[in-house]
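Please look it over first, then read the points below.

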Amino acid sequence: MSPGGGGGGGGGRGEPLCGQHREALKLFCTRDLQPLCVVCARARGHSVVPIEEAAEQYKAEILSCLRAGKEEREKYLESRKAEGRRSPYLVGAPIGSLNAPPLLF
Ligand SMILES: [Zn+2]
Ligand SMILES: [Zn+2]
């Protein structure tokens, strides 16, 4: 288990992988504003779009997620929550069934 996950000297593919599942981060949660792998996306409560699609709209968030540490992101999320909870309508259908196992992210 490598904490943080980032900065691995794996080399080769520059593709960012999920720190938990080692899957490519191909999805993006518009609620958490963070990239997700397909396994993460099965957890309940995520509102995911393909990351290419999200890239246009959430470029800044994605980049900051990939670069910044978790603390940065949480601070950012806090500030967004402070604005008031806007529940985003679901963009795209959830991947997998609603009976996904309770994979807490
Ligand atoms: Zn994952
Ligand atoms: Zn989410």
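The model is a predicted one, and its protein chain has three helices and three strands.

**The chain as a whole**

- Read from the N terminus, the elements follow the order β-β-α-β-α-α.
- The protein chain has 105 residues, and 15% of them are buried.
- Among contacts in the protein chain with a separation of 6 or more, 43% join residues 24 or more positions apart.

**The sheet**

- Three strands form an open sheet in the order β2-β1-β3, and their pairing is antiparallel.
- The edges are taken by β2 (34-36) and β3 (48-50); each has a single partner strand, so one side of each has no neighbour in the sheet.
- On average, neighbouring strands of this sheet are turned by 40° against each other, direction ignored.
- Three bridges join β1 and β2 in the antiparallel sense.
- Leu27 has Leu36 in β2 as its bridge partner.
- Helix α2 packs on the sheet and touches β1, β2 and β3. The direction of α2 makes about 110° with that of β3.

**The nonpolar core**

- The largest nonpolar core has ten residues: Leu25, Leu27, Phe28, Cys29, Leu36, Cys40, Ala41, Val48, Ala54 and Tyr58.
- At least two residues of this core come from each of β1 (27-29), α1 (38-41) and α2.
- β1 gives the largest share of this core, with three residues.
- Apart from residues up to four places away in sequence, Leu27 touches Leu36, Val38, Ala41, Val48, Pro50 and Ile51.

- Helix α2 covers residues 51-67, which is 17 residues.
- The end C-alpha atoms of α2 are only 16 Å apart, whereas a straight helix would reach 24 Å at 1.5 Å a residue.
- An α-helix has 3.6 residues a turn, so residues three or four places apart point the same way.

**Ile62 in α2**

- Ile62 also has its place in helix α2.
- Is Ile62 buried or partly exposed? Ile62 counts as partly exposed because it has 19 C-beta neighbours inside 10 Å, while a buried residue needs 20 or more.
- Leaving out residues up to four places away in sequence, Ile62 touches Phe28, Pro35, Ala54 and Ala55.
- Ile62 and Gln34 are 28 residues apart along the chain, and their C-alpha atoms are separated by 6.3 Å.

**The segment before β1**

- Leu17 is found in the segment before β1. Leu17 is partly exposed, with 17 other C-beta atoms within 10 Å.
- Neighbours within four places in sequence aside, Leu17 is in contact with Arg22, Glu23, Ala24 and Leu25.
- Leu17 and Pro35 lie 18 residues apart in sequence, and the distance from C-alpha to C-alpha is 9.5 Å.
- Gln20 is also placed in the segment before β1. Gln20 counts as partly exposed, with 14 C-beta neighbours inside 10 Å.
- The C-alpha atoms of Gln20 and Val39 are separated by 9.2 Å, and the two residues are 19 residues apart along the chain.

**Positive phi values**

- Arg22, in the segment before β1, has a phi near 60°, which is a positive value in a residue other than glycine.
- Arg22 is exposed, with 10 other C-beta atoms within 10 Å.
- Leu33, in the loop between β1 and β2, has a positive phi near 55° and is likewise a residue other than glycine.
- Leu33 is partly exposed, with 18 other C-beta atoms within 10 Å.

Definitions and conventions: Residues numbered from 1 in each chain as written. Chains lettered and ligands numbered in written order. Predicted model: local features only at pLDDT ≥ 70, side-chain atom pairs only at ≥ 80, totals over all residues. Helix = DSSP H or I, 4+ residues; strand = E, 2+ residues; numbered from the N terminus. Expected span 1.5 Å × (residues − 1). Buried ≥ 20, exposed ≤ 12 C-beta atoms within 10 Å, placed from the backbone. Contact = placed C-beta atoms within 7 Å. Core = buried A, V, L, I, M, F, W, Y, C linked by C-beta atoms within 7 Å. Pairing = 2+ DSSP bridges. Axes fitted to C-alpha atoms, helices over the stretch in contact; angles between N-to-C directions.
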